[in-house]
Amino acid sequence: MSLLKIIKYPDNRLRNIAQPVKIINKKIHQIIQDMYYTMYEKQGIGLAATQVGINLQIIVIDISEKQTDPIILINPKKIYCSEKISIEEGCLSIPNTLKKITRANKIQIQTLNYYGKKIIIEAKELLSICIQHEMDHLVGKLIIDY
């Protein structure tokens, strides 16, 4: 596994709109593994491919304390959201910055998993917020835009 370089604000590549993944193959699997390695090394709970200079719709997340519950989102699309919650968020691409943001407390998304199977994920609270934060990265939106 390789440690990827996290792009930092104000680098304009953070504003790129990620492209859908067309084929899930060994190259995509390697990107996912490298993204997890990087996220864990940098003590993050989520990482979008655009944050490491890869212009694809890939997100890795693990909100568990012991880094034992990885979630992979490929080409995620929001289906449903409800309620609102405000929380201070940080970002690996904008170090030493916290921003209070209001997001949906509960969401449902459609995504592809590691094997290319279409799945539905229902998330609430921290997982919901993390997914929305990372999905923002895929369209070039940052916490400072709120």
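Reader: Which residues of H2 are buried in this predicted model?

Author: Leu-127, Ser-128, Ile-129, Cys-130, Ile-131, Gln-132, His-133, Glu-134, Met-135, Asp-136, His-137 and Leu-138. Keep in mind that the model is predicted.

Reader: What makes those residues count as buried?

Author: The cut-off is under 20% relative accessible area, so a residue below that value gets the word. In H2, twelve of the 14 residues pass, and the helix is mostly covered.

Reader: What do the buried residues of H2 pack against?

Author: Strands E1, E2, E3, E4 and E5. Contact here takes heavy atoms within 4.5 Å, so that is the test behind "pack".

Reader: How do you know how far H2 reaches, and what is expected?

Author: H2 covers residues 125–138 and spans 21 Å from its first C-alpha to its last, close to the 20 Å expected at 1.5 Å a residue. After H2 comes Gly-140, with a positive phi near 80°.

Reader: What makes E1 and E5 edge strands?

Author: The open sheet runs E1-E2-E3-E4-E5 with antiparallel pairing. E1 (46–48) and E5 (118–124) each pair on one side only. Neighbouring strands are turned by 40° against each other on average, direction ignored.

Reader: Which strands does H1 touch?

Author: H1 (residues 26–41) packs on the sheet and touches E1, E2 (58–61) and E3 (71–91), with its direction about 40° from that of E2.

Methods: Residues numbered from 1 in each chain as written. Predicted model: local features only at pLDDT ≥ 70, side-chain atom pairs only at ≥ 80, totals over all residues. Heavy atoms only, no water. Pairing = 2+ DSSP bridges. Helix = DSSP H or I, 4+ residues; strand = E, 2+ residues; numbered from the N terminus. Axes fitted to C-alpha atoms, helices over the stretch in contact; angles between N-to-C directions. Expected span 1.5 Å × (residues − 1). Buried < 20%, exposed > 50% of the residue type's maximum accessible area, 1.4 Å probe, protein only.
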